Amino acid sequence: MRARFLHPGAALFLAPLLVFLGLAYAIPFLGVVKWSFTLPEPGLGQYRALLTDPLVQSVFVRTFRICGLVTLASVAGAYAIAYVWVRGTPGQRLAAEYCILVPFWISVLTRAFGWVALLSNQGLINTWLRATGMLSEPLPMVRNEFGVIVGMTHFLIPFAVFPIASAMRALDERVLLAARGLGAGRTRIFWSVFVPMTMPGVIGAALIVFVFALGFFITPAILGGGRSVMVAELVYLRIFQSPDWGLGAAISITLVVIVGALAAALFRYLKPGQMAG
């Protein structure tokens, strides 16, 4: 496979793609790197600001906290859906496929505004709870971290399903039968055998969700209402709403480095042999 990839014909075939990627991504990225070291004046001042500015530090802490919670919620929901998709009845599998595929057909903007319609003070949930007498005042479920977490989790669950389902399908059924033959009950088989053997898929799904969540912009901006600013939104504010392009570029570079490190860990961990094992 590697010899075929290094064949001169393959390299010639890939050359236009590499040139396009260089023009479309590498050159603009190098421009952003230059901004981070030259604006408003040459030096490392913008990177020092990342370590000393309380606002920037609080945004990074909030981003990692929200991404961590979203990762936990997404992986837990995806595990349940993947389990039904892989091991359920035909009807259950069909329902699970709808839960996985339908969200891909709806834009992230539409889903964000849909959650606003559900969770706002005058939304469907608060209106119903107040109409039934369960609440006297609406619950604050948007313009805060709760709304951001809900919206991001809804978007990212389908992405976590696929690596988990792949690990479940690679599981050797004879191991489960052996555990049952030794007298283990269904609950013990699930927690002591099934879950540990599908853990590579869980870890892969967690890395994928966390990497995606770090760069979220639209959902936190709409559901957070400016009160739960994350790193991507902070970059937008620094670049487009203030003249501090150098700090915005430095934040962008830092985020790219973090995402790149996590992506490298993902690709290193999710080797075919490891996934099969």
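**Entry 1: R238**

I began with R238 and found this residue in helix 13, which covers residues 231-241; I keep in mind throughout that the model I am reading is predicted. I then looked up the accessibility of R238, and at 16% relative accessibility I count R238 as buried, because the cut-off for that word is under 20%. Leaving aside neighbours within four places in sequence, I noted that R238 is in contact with D53 and L55, and also with P243, D244, W245, L247 and G248.

**Entry 2: aromatic pairs**

I listed both F155 and F216 as buried.

I also looked up F190 and W191, whose ring centres are 5.1 Å apart with planes at 85°, so this pair too is edge-to-face. For F190 I noted 22% relative accessibility, which makes this residue partly exposed, whereas W191, with a relative accessible area of 58%, is exposed.

**Entry 3: the cluster and a charge over a ring**

I found that F155 and F216 belong to one aromatic cluster, in which I also listed W85, F104, F159, F162 and F212. Checking W85 for a charge over the ring, I noted that R169 lies over the face of W85, at 4.5 Å from the ring centre.

Notes:
Residues numbered from 1 in each chain as written. Predicted model: local features only at pLDDT ≥ 70, side-chain atom pairs only at ≥ 80, totals over all residues. Heavy atoms only, no water. Helix = DSSP H or I, 4+ residues; strand = E, 2+ residues; numbered from the N terminus. Buried < 20%, exposed > 50% of the residue type's maximum accessible area, 1.4 Å probe, protein only. Contact = heavy atoms within 4.5 Å. Phe/Tyr/Trp six-rings, centres within 6.5 Å; stacked < 30°, edge-to-face > 60°. Lys NZ or Arg CZ within 6 Å of the ring centre and 35° of its normal.
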